[in-house]
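The points move from the chain as a whole to individual side-chain arrangements.

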Amino acid sequence: FTEQEDILENVAAFDLTYQGDMEEEESEEEGDTISQHPPASPTCGGEDGARPFTSSRGPSRDKESRGKESRGKLKSRDFELATQTVEEEYLAAARQEMMAGVAEEEEVVLPRGRLLKLSILDTWGDPDYVGLTGIELFNSTGEMVKIPPEAVKGPSLNDLENCSTDYRTPDKLVSGCNITTDDVNMWLAPFNPGESNHVTIKLPSVTEISVIKVYNYNKCSDDTYRGVKTLKITLDDKPLLSAEGKVNLRRGPGSTHYDFGQILDLSAWSVEEDHITPRHDPSSSPLIPDYEIPLLPAGFVFQIHIYSTWGDPFYVGLNGIELYDELGQEIEVLSEQVSAAPDSVNVLYQDETMQGGDVRTPHKLVNHVTSDDSARNSWLAPILPNTANKIYVVFDFPVTVSMIRLFNYSKTPTRGVREFGVLVDDLVVYRGLLSRHRSVHEGQTVLFSEHMAAVSANLTKSCGKEQEVELTNDRRLIKANHPTSSSPSFDPSQRPYTSIVNS
């Protein structure tokens with residue numbers, strides 16, 4: 001984990017297993033050949049019509065409110081089409097609300113120009129290629145700027161020798177099909193570190209830009225390392241977002257489980273914020289947790305992977321999630337930032353009229369109602385064959401977390417989360433057990449700070465009252481009467497019905 005030349009030279013000289021020179025020669029040979037990758041498309045889990053359903057019907061909503069709440073409630077196959085309109089409405093409403101709120105205090109000066117230049121400084125690891133899925137621009141009123149395909153100029157794989165028919169050209173950046181894993185709708189080009197790697201967009205006229213939304217390269221998990229990591233943005237040669245115009249982009253997820261577009265708010269970045277330093281009380285006694293603490297992880301995407309429940313093989317749920325920053329203050333998480341895969345029990349509905357009818361959706365995880373035993377303010381999703389249950393909390397800028405509090409499912413405790421893991425930008429930072437819900441609604445804390453001052457009275461030992469005990473009798477393992485970490489086999493057609501309807 002070092003880049004110091006003297007250490008690397010010693011490794012190359014004395015490590016008999018080191019084959020760095022050979023790998024470099026092979027990579028150079030492979031770089032001369034362009035591989036045509038077949039389009040990859042997301043797959044949808046689900047069974048036939050014999051699967052039983054669960055429903056918690058909410059009050060009837062008008063068409064407009066249904067459209068706003070539909071984000072993340074549709075199947076992954078429909079998600080790509082439905083999200084475009086919902087995102088435009090959300091961004092327009094957010095922009096208008098922001099502009100109205102600051103108008104009384106001070107006038108917001110937005111950048112104004114016509115020629116937008118995106119200079120790529122670094123990728124997420126691929127040394128040979130770089131790509132993006134899409135770019136969206138919004139003007140001062142929150143409306144999306146229409147960009148003709150011919151206005152986008154940049155390199156492509158067709159610039160290479162013996163390659164002239166590759167479809168991943170710069171015009172795909174404004175095709176409008178952004179939440180996808182099909183590289184037919186993406187841009188890919190050779191990457192030359194240290195040289196000029198840029199894309200230009202010539203707008204139809206001089207325009208004030210309030211928001212830039214960037215979708216990183218997202219063909220598959222492996223190819224997301226071809227995405228842009230460091231980007232420099234200029235408008236008519238004037239840097240945006242910072243004095244140098246540089247910004248770090250989020251790596252693509254390699255799936256369509258959530259809207260992975262990263263919002264760059266130009267008005268918010270016009271004011272420089274001081275660096276926040278954690279204020280730990282030196283007199284506070286360090287904690288002695290039951291696991292090794294990874295200190296203050298920071299990242300764009302926080303994931304919770306669910307590996308097992310407390311006995312129910314068909315459904316899994318949670319009452320709530322809370323994230324806290326390095327100062328111990330709760331981080332505000334909007335409902336649009338939370339999603340899950342599978343999304344909710346709504347994915348089981350085959351009838352289109354029933355889709356989106358169950359109220360136990362992912363955004364309930366952050367509505368701060370964690371003690372409702374009716375499950376109307378909880379999240380519930382089916383456990384599908386060969387499909388892992390995941391929860392995503394996505395930010396547009398790196399966020400530092402000192403602890404995460406989880407509130408287990410209370411209506412049916414056997415459907416609560418048992419074994420789970422926490423990942424930050426695809427790196428595992430914690431794996432453990434979540435206590436089964438008892439009579440008291442108290443969250444369980446996953447701690448990432450050594451000092452009590454950062455968590456005050458919110459601390460709950462991660463092991464709770466549950467511990468793994470293995471008993472043997474004459475060298476034979478005595479099986480405990482509780483669920484194991486692996487999900488039991490079950491017949492999906494035996495999934496029980498459950499229903500909660502409003503009176």
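The points that follow concern a predicted model.

1. Overall composition. The protein chain contains four helices and 22 strands. Of its 503 residues, 45% count as buried. The accessible surface of the protein chain amounts to about 26700 Å², and carbon and sulfur atoms account for 49% of that area.

2. Contact range. Considering contacts in the protein chain between residues at least 6 apart in sequence, 80% join residues at least 24 apart.

3. First aromatic pair. Four aromatic pairs are found when the whole structure is searched. In one of them, Tyr 215 and Phe 260, the ring centres lie 5.6 Å apart and the planes stand at 90°, so the arrangement is edge-to-face; the cut-off for that class is an angle over 60 degrees.

4. The rings of Tyr 258 and Tyr 392 have centres 4.8 Å apart, and because their planes meet at 45°, the pair is classed as tilted. Tyr 258 is located in the loop between E9 and E10, and Tyr 392 in strand E15 (residues 389-400), so this pair ties together parts that are 134 residues apart in sequence.

5. Burial of the second pair. Are Tyr 258 and Tyr 392 buried or exposed? Tyr 258 has a relative accessibility of 4% and therefore counts as buried.

6. Charges over rings. Two arginine side chains deserve mention here. The charged end of Arg 251 sits over the ring of Tyr 225, at 4.3 Å from the ring centre. The charged end of Arg 418 sits over the ring of Trp 310, and here the distance to the ring centre is 5.1 Å.

7. Nonpolar surface patch. Which residues make a nonpolar surface patch of about 280 Å²? The patch is made by Val 469, Leu 471 and Ile 478. Of these residues, Leu 471 lies in strand E20, which covers residues 471-473.

Conventions: Residues are numbered from 1 along each chain as its sequence is written. This is a predicted model: local features need pLDDT of at least 70, side-chain atom pairs count only at pLDDT 80 or more; totals for chains, interfaces and linings use all residues. Side-chain values use heavy atoms; hydrogens and water are left out. Patches are made of residues with over 30% relative accessible area and no salt bridge: like charges are joined within 9 Å, nonpolar side chains (Val, Leu, Ile, Met, Phe, Trp, Tyr) within 5 Å. Accessible areas come from the Shrake-Rupley method with a 1.4 Å probe; for residues, only the protein chains shown count as cover. A salt bridge is a side-chain nitrogen of Lys or Arg within 4 Å of a carboxyl oxygen of Asp or Glu. Helices (H or I, at least four residues) and strands (E, at least two) are DSSP runs, numbered from the N terminus. Buried means under 20% relative accessible area, exposed over 50%, partly exposed in between (1.4 Å probe, protein chains only). Contact means heavy atoms within 4.5 Å. Rings of Phe, Tyr and Trp (its six-membered ring) pair if their centres lie within 6.5 Å; planes under 30 degrees apart count as stacked, over 60 as edge-to-face and the rest as tilted. A charge sits over a ring if NZ of Lys or CZ of Arg is within 6 Å of the ring centre and within 35 degrees of the ring normal.
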